[in-house]
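I'd like to walk you through some charged pairs and one bit of sheet, so let me put the model up.

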Amino acid sequence: MTSLIRHLTVDSDNPYALAGFWAQVLDGSLADDDFPGDPEAMVTAAAAVLLFVKVPDRKTVKNRVHFDLQPQDRTRDEEVERLLSLGATLQGDHRRPDGTGWVTLHDPEGNEFCVERSAAERANT
């Protein structure tokens, strides 16, 4: 058998706070044994398990790997507004007049991620 990805690990200044943001984004949950100040925190969601670990270095360059989110029960634009209200910030708007494209956001620690069109929006083009 080949290897499986057990979880995706994200370096973080404040693992618990960043995990809390991503738990809201992904409608996931923090592990029962994760608390503020812990050196790591884990989010379990339907599509992935994310592990946030404390590192002493701050983010200084663009991520080599990032998440591409596809909304399941709302449009891309509705999801972007929801994520902004949770604390994400706009990095780049790549939406096109024909409805295609994506939006690049930063999480509270500056990690890039993108929001694509929902499956329903893709089916309508």
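So, which side chain does Glu-79 meet in a salt bridge? The partner is Arg-74, at 3.0 Å, N to O. By salt bridge I mean a side-chain nitrogen of Lys or Arg within 4 Å of a carboxyl oxygen of Asp or Glu.

Quick housekeeping before I go on. This is a predicted model, where local features need pLDDT of at least 70 and side-chain atom pairs count only at pLDDT 80 or more, while totals for chains, interfaces and linings use all residues. Residues are numbered from 1 along each chain as its sequence is written, and side-chain values use heavy atoms, with hydrogens and water left out.

Back to that pair. Glu-79 is buried, at 5% relative accessible area, while Arg-74 is partly exposed at 28%. The cut-offs there: buried is under 20% relative accessible area, exposed is over 50%, and partly exposed is in between, using a 1.4 Å probe and protein chains only. Glu-79 and Arg-74 also belong to a network of salt bridges that takes in Asp-73 and Arg-82.

Asp-93 and Arg-95 meet at 2.7 Å, N to O; Asp-93 is partly exposed at 43%, and Arg-95 is partly exposed at 29%. Then there's Glu-116 with Arg-122, at 2.9 Å, N to O. Glu-116 comes out partly exposed at 24%, and so does Arg-122 at 36%.

Now the sheet, and strand E8, residues 112-115. Strands (E, at least two residues) are DSSP runs, numbered from the N terminus. Which way do the E8 side chains point? Glu-112 and Cys-114 go one way, Phe-113 and Val-115 go the other, and all are buried. In a regular strand the side chains alternate between the two faces of the sheet.

What does E8 pair with? Two strands count as paired if DSSP finds at least two bridges between them. Strand E5, residues 67-69, runs parallel to E8 over three bridges, with Leu-69 standing opposite Val-115. Strand E7, residues 103-106, is antiparallel to E8, joined by four bridges, and there Leu-105 sits opposite Phe-113.

One last thing to look at on the screen: the hairpin of E7 and E8 has five residues between the strands, and Gly-110 in that hairpin takes a positive phi near 90°.
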